[in-house]
Amino acid sequence: MSTPYPFTALVGQSDLRLALLLNAVSPAVGGVLVRGEKGTAKSTAVRALSTLLPQVDVVPGCRFSCAPTAPDPACPDGPHESGPGAARPARMVELPVGASEDRLVGALDIERALAEGVKAFEPGLLADAHRGILYVDEVNLLHDHLIDLLLDAAAMGASYVEREGVSVRHAARFLLVGTMNPEEGELRPQLLDRFGLTVEVAASREPAQRVEVVRRRLAYEDDPAGFATRWAGDEHEVRARVVAARALLPQVVLGDNSLLQIAATCAAFEVDGMRADIVMARTATALAAWAGRTGVRKEDVRQAALLALPHRRRRNPFDAPGLDEDKLDEILDRFPDEEPDHDPDPDPEPEGPDDGGDGGDGSDGPDGDGGGVPPQGEGPHGDAETPESGTPDDPAQAPAEEPAPAQAEAPEGQPSARGADAPEQAAVRAGEPFRTKMLSVPGLGEGAAGRRSRARTAHGRTTGAVRPRGQLTKLHLAATIQAAAPHQKARGRSGRGLVVRGDDLRQATREGREGNLVLFVVDASGSMAARQRMSAVKGAVLSLLLDAYQRRDKVGLITFRGAAAELALPPTSSVDAAAARLERLPTGGRTPLAAGLLKAHEVLRIERLRDPSRRPLLVVVTDGRATSAGSLGGDPRALAGRGARLLAAEGVASVVVDCETGPVRLGLAGVLAADLGGPAVSLDGLRADSLAGLVKNVRTSVASHASHSSNRRAA
């Protein structure tokens with residue numbers, strides 16, 4: 001077994017360490033969600049915490065880790081007789097992103113249950129994690145139904161398995177820790193609320209701290225056992241402090257004044273529901289116990305608010321988590337502390353271990369390398385990954401574009417390099433996001449689980465039964481009995497049990513919902529530079545992105561201007577990154593329509609390789625003009641027509657939003673729509689509240705429009 005990185009050797013990250021330790025003191029706090037960029041010691045800190053938890057006494061042979069002094073009366077391995085227990089370290093169980101429901105909650109031996117009438121239950125990860133830590137890396141990539149099961153078990157302290165008339169319940173109390181990188185997608189606000197505490201982590205930008213991170217990490221990799229030995233004293237002290245805080249916790253008094261501070265804080269920050277109040281109360285109590293006190297103080301309530309409220313204030317994914325600390329202090333000052341208790345206060349300002357920056361021994365770190373830990377709150381770590389920062393060429397990190405004077409498109413034949421013939425205009429702010437109608441792709445798909453279009457999925461209503469391919473996951477009981485019934489006499493059935501064999505088992509087929517890919521191709525050239533027009537386009541894209549976030553879709557954005565097209569927003573569900581890129585979308589230059597269509601073809605081709613079952617919808621927003629061939633050479637209009645027919649030949653459902661205005665119209669957008677095999681909609685339909693409805697109309701009528709366009713071309 002490898003030697004874990006010592007918890008006390010982590011550099012900085014005081015909020016992360018404190019949140020983990022508070023949950024170790026009081027698992028009732030509700031777990032920790034750690035949000036941050038890659039390479040910020042999220043996983044390292046969680047794995048290191050497991051070594052600080054005290055050993056647990058378990059009933060020998062119990063697969064559900066029952067305590068010998070208070071065994072679970074409903075334990076599937078019970079009832080347990082009184083007797084001495086066996087001590088073992090607290091477990092740290094990891095839930096993989098690709099885990100199945102059976103792996104999480106456990107699985108029943110259906111064949112034995114039918115044939116023998118016994119509850120042959122194989123425990124899952126929830127049982128393994130009982131009285132320990134359950135760690136979910138990249139929790140935002142976990143399927144929603146697994147997150148719901150996980151959070152329900154964490155809230156109730158028990159896991160229930162109800163299948164085919166067989167019911168199993170067992171205790172499942174654990175410290176839940178999830179980590180995620182927001183760039184890869186957000187959790188729904190409802191799921192965010194279920195985590196007790198949330199911590200934002202980031203890599204330090206201070207060279208001294210980064211040097212200390214590297215120094216300690218290299219020392220650990222050179223000699224893990226020796227490095228751990230040098231930190232053993234600090235680890236022992238923190239472990240003893242956790243045990244002492246757990247023992248003190250029942251004696252901590254949460255006074256009425258502290259409760260008023262908590263209630264006033266949650267009300268002032270307009271937090272939904274009552275879970276925030278409860279979590280803050282538990283966190284403040286744990287903070288007092290961690291500090292060695294029996295009374296909760298104002299600073300405990302303040303720290304609890306900073307850990308428990310920021311993620312609960314998000315009304316939609318475009319809101320950045322955070323808390324106004326000046327407002328928080330103003331609220332708490334209205335309720336001054338009562339007479340302070342006279343308990344010893346070993347930690348007047350409770351923080352995680354190693355906050356003093358001395359490595360734990362009062363001088364240099366235990367590595368003997370010199371250079372104590374820099375001040376807290378920056379975010380260095382002991383992880384092997386290299387912390388990364390934003391780069392200037394990242395649209396989400398780049399500064400806002402400077403306004404430039406408007407300029408019409410250059411005539412054909414003029415230089416068309418982007419930025420050379422038409423200075424780009426100032427980026428236009430997106431219109432206000434709005435709620436879209438329910439959009440769905442016609443037919444029955446087989447894409448990734450989502451909440452939009454009908455599809456064959458692993459979860460949903462049962463529509464039939466088939467022979468299982470591989471491991472049985474969802475038994476169709478009636479079909480299984482029907483398959484086994486004719487053979488009972490030949491199999492020598494004599495008792496009440498049904499004689500069932502492997503080839504009798506039937507897998508249930510289910511129909512649920514899938515997610516789709518909506519790819520926008522937006523003309524950002526000079527002819528599209530009208531501020532209201534581009535604002536409406538951005539508002540519609542953001543609205544559909546928000547809807548896609550809620551329904552687990554993917555949304556992408558391609559823009560074309562000057563001499564080329566670019567993928568401004570790769571297919572994603574990360575609304576934060578999307579909002580930043582769309583906000584900075586500039587306009588100006590000539591119109592390389594063919595480049596935009598070919599870029600769409602390339603993006604869809606790559607996405608089809610990554611996820612062949614996800615069905616796309618292409619939305620082209622343009623006036624249909626093609627004034628630049630870019631690097632392709634040739635007639636721009638002919639190139640655009642060939643690119644459109646290429647997409648149509650591959651069966652991509654498409655729609656063209658005609659942005660042409662004025663009394664004299666060329667109708668070029670209609671020609672483009674005919675080549676794409678989809679409908680064209682006039683500019684009047686470009687209003688923000690109309691574009692979403694447009695997508696719905698396309699998804700339900702693309703076949704009839706394509707047929708009409710073909711007849712028109714033939715005529």
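A helix here is a DSSP run of H or I covering at least four residues, and helices are numbered from the N terminus. Threonine 285 lies in one of them, helix 12. The model that holds this residue is predicted.

## Confidence

The mean pLDDT of the protein chain is 76. Of its residues, 75% reach 70 or more. Confidence is highest in helix 12 (residues 275–290), at a mean of 94. It is lowest in helix 21 (residues 688–714), at a mean of 49.

Two stretches call for caution. Over residues 346–422, pLDDT stays under 50. The model has 182 contacts beyond four places in sequence for that stretch. Over residues 705–710, pLDDT also stays under 50. Here the model has five contacts beyond four places in sequence.

Threonine 285 has a relative accessible area of 15%, so it counts as buried. Its side chain reaches the backbone oxygen of alanine 281 at 2.8 Å. Neighbours within four places in sequence aside, threonine 285 touches Leu249, Val252, Leu254 and Val296.

Five strands make up an open sheet, in the order 4-7-10-1-11. The pairing is parallel. Strand 4 (92–94) and strand 11 (197–201) stand at the edges. Each has a single partner strand, so one side of each has no neighbour in the sheet. From one strand to the next, the twist averages 20°.

Strand 7 (residues 133–136) pairs with strand 10 (residues 175–180) through four bridges. Strand 4 joins strand 7 through three bridges. Both pairs run parallel.

Which residues of strand 7 point each way? Ile133 and Tyr135 point one way, and Leu134 and Val136 point the other way. All are buried.

| Residue | Opposite residue | Strand of the opposite residue |
|---|---|---|
| Isoleucine 133 | Leucine 175 | Strand 10 |
| Arginine 461 | Glutamate 511 | Strand 14 |

Helix 2 (residues 42–49) lies across strand 1 (32–36), strand 4, strand 7, strand 10 and strand 11. This helix runs at about 165° to strand 10.

Glutamine 13 sits in the segment before helix 1 (14–25). Is glutamine 13 buried or exposed? Its relative accessibility is 8%, so glutamine 13 counts as buried. The cut-off for buried is under 20%. The side chain of glutamine 13 reaches the backbone oxygen of threonine 40 at 3.1 Å.

Glutamate 184 is found in the loop between strand 10 and helix 7 (189–192). With a relative accessible area of 40%, glutamate 184 is partly exposed. Beyond neighbours within four places in sequence, glutamate 184 is in contact with Glu138, Asn140 and Leu141. Glutamate 184 and serine 573 are 389 residues apart in sequence. In space, their C-alpha atoms are 7.3 Å apart.

Strand 13 and strand 14 (residues 507–514) pair over five bridges, in the antiparallel sense.

## Helix 15, face by face

Which residues of helix 15 (residues 477–484) are buried? They are Ala479, Thr480, Ala483 and Ala484. Seen down the helix axis, these buried residues fall within an arc of 130°, so they line one face of helix 15. The face turned away from the buried side carries the exposed residues Ala478 and Gln482.

Key:
Residues are numbered from 1 along each chain as its sequence is written. This is a predicted model: local features need pLDDT of at least 70, side-chain atom pairs count only at pLDDT 80 or more; totals for chains, interfaces and linings use all residues. Side-chain values use heavy atoms; hydrogens and water are left out. Two strands pair if DSSP finds at least two bridges between them. Helices (H or I, at least four residues) and strands (E, at least two) are DSSP runs, numbered from the N terminus. Axes are lines fitted to C-alpha atoms, for helices over the stretch in contact, and angles run from 0 to 180 degrees between N-to-C directions. Contact means heavy atoms within 4.5 Å. Buried means under 20% relative accessible area, exposed over 50%, partly exposed in between (1.4 Å probe, protein chains only). A polar contact is a pair of N or O atoms within 3.5 Å; within protein, one must be able to donate a hydrogen and the other to accept it, and residues adjacent in sequence count only if both atoms are side-chain atoms. pLDDT is the predictor's confidence in each residue, from 0 to 100. The arc is that of the directions from the helix axis to the C-beta atoms.
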